[in-house]
Amino acid sequence: MILLQISGLAKSVYYYTLSKIDKDDKNKEIIDKIKEIFINNKERYGYRRITLELRNQGYNVNHKKVYRIMVKLGLKPLKRNKRKYSSYKGTIGKIADNLIERDFNADKPNQKWYTDVTEFNLRGEKCYLSPILDGYNGEVISYNTSKSPNLEQINDMLNKAFDKNNNLEGLIFHSDQGWQYQHQSYQQRLKNNGIKQSMSRKGNSMDNGMMENFFGILKTEMFYDQEDDYKTLDDLIKAIDDYIYYYNYDRIKVKLKGLSPVNYRLQSSN
């Protein structure tokens, strides 16, 4: 108690702190698991996802405990940084109606798809990612990464998506008003496959909010403030490939009951 007198610390504070230390000694296994999950996912998970992953591994832990431990350990997930690329170049072709109206979710696979193009600027060198997301589970159906945002990139993305999915009759395919999606050949390909084209309103990026959210997550978790990790543009493209595989197969989502997009689709189909 002499130390308390010297420090001026109240008894209640001392005993509360002591109880917390003892409590965390008992939670050593949980603490080690939290650290492991956080590190294995490259600092991408906050306390909600870590809580779900703990439960997936058989640890029934309250999210408040996980939050408290993460704060104590200084485990902070990467913060999102918003930088927007737009392929809009005015009206150069046919503009489609907005059939989505921000109702992004779908009841089954291949009911609603979303697409857009985003730019990565690596010390002045640029590459462009063009993916398709399924509104059912957020899965990346197909994608193309190119050093130039051209129509060949879009066609390759469509080829991969159509090869994987034979019957797309009635599918709603949503995008912004980028020049690629106004192009006659793009629109004709959708029509030939029985797909209904949908477009965001001009200047309303949140009309394509599912893509905005995906790009924000992707760049936060593998690009922003990590540019020095990539020596060349090819290194970055390889990292994008690796991340999309991780996103589809390993990265769990709260809204998907703690499952990854692919695992959620597979479980739902059983």
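R102 lies in the loop between α5 and β1, where helices (H or I, at least four residues) and strands (E, at least two) are DSSP runs numbered from the N terminus. The model is predicted, so that local features need pLDDT of at least 70 and side-chain atom pairs count only at pLDDT 80 or more, while totals for chains, interfaces and linings use all residues. Residues are numbered from 1 along each chain as its sequence is written, and side-chain values use heavy atoms, with hydrogens and water left out.

Phi of R102 is near 65°, a positive value in a residue other than glycine. E101 lies in the loop between α5 and β1 and has a positive phi of about 50°, although E101 is not a glycine. Most residues other than glycine have a negative phi. At 40% relative accessibility R102 counts as partly exposed, whereas E101, at 54%, counts as exposed. In these terms, buried means under 20% relative accessible area, exposed means over 50%, and partly exposed lies in between (1.4 Å probe, protein chains only).

The secondary structure of the protein comes to 11 helices and 6 strands. Of its 270 residues, 49% count as buried. Among contacts with a separation of 6 or more, 65% are accounted for by residues 24 or more positions apart, a contact being heavy atoms within 4.5 Å.

Several of the strands pair with one another, pairing being assigned if DSSP finds at least two bridges between two strands. Strand β1 (residues 112-115) pairs with strand β5 (residues 172-175) in the parallel sense over 3 bridges, and the bridge partner of Y114 in β5 is H174. With β3, strand β1 pairs in the antiparallel sense, also over 3 bridges. In that pairing W113 stands opposite D134 and Y114 stands opposite L133. In a regular strand the side chains alternate between the two faces of the sheet. In β1, K112 and Y114 point one way and W113 and T115 the other way, and all are buried.

The strands β2 and β3 run antiparallel and are joined by 5 bridges, with Y128 in β3 as the bridge partner of E119. Their hairpin has 2 residues between the strands, and R123 in this hairpin takes a positive phi near 50°. Strand β4 (residues 140-146) pairs with β3 in the antiparallel sense over 6 bridges, and V140 in β4 stands opposite L133. Of the 10 residues of β3, 8 are buried, so β3 is largely enclosed by the rest of the structure.

The hairpin of β3 and β4 has 5 residues between the strands, and G138 in this hairpin takes a positive phi near 75°. Y136 has its place in the loop between β3 and β4 and is buried, with a relative accessible area of 14%. Leaving aside neighbours within four places in sequence, Y136 is in contact with A106, D107, K108, P109, L256, Y264, R265 and S268. The C-alpha atoms of Y136 and Y264 are separated by 9.6 Å, although these residues are 128 residues apart along the chain.

A nonpolar core is a set of buried Ala, Val, Leu, Ile, Met, Phe, Trp, Tyr and Cys residues joined through side-chain atoms within 4.5 Å. The largest such core has 45 residues, of which I34, I50, F120, M222 and L236 touch the most other members. Two or more residues are given to this core by each of α3 (28-40), α4 (47-56), α5 (63-73), β2 (118-122), β3 (125-134), α9 (209-222) and α10 (233-249). The largest share, 9 residues, comes from α10. Apart from this core lies another, of 21 residues, among them I132, M157, L168 and Y181. Leaving aside neighbours within four places in sequence, I34 is in contact with I50, L54, V66, I69, M70 and L75.

Helix α6 (residues 151-164) and helix α8 (residues 184-192) pack at an angle of about 10°, with their axes 11 Å apart. The axes are lines fitted to C-alpha atoms, for helices over the stretch in contact, and angles run from 0 to 180 degrees between N-to-C directions. The two helices, α6 and α8, are therefore roughly parallel to each other (angles under 35 degrees count as roughly parallel, over 145 as roughly antiparallel, 65 to 115 as roughly perpendicular and the rest as oblique). In this packing L151, I154, N155, L158, N159 and F162 in α6 meet S185, Y186, R189 and L190 in α8.
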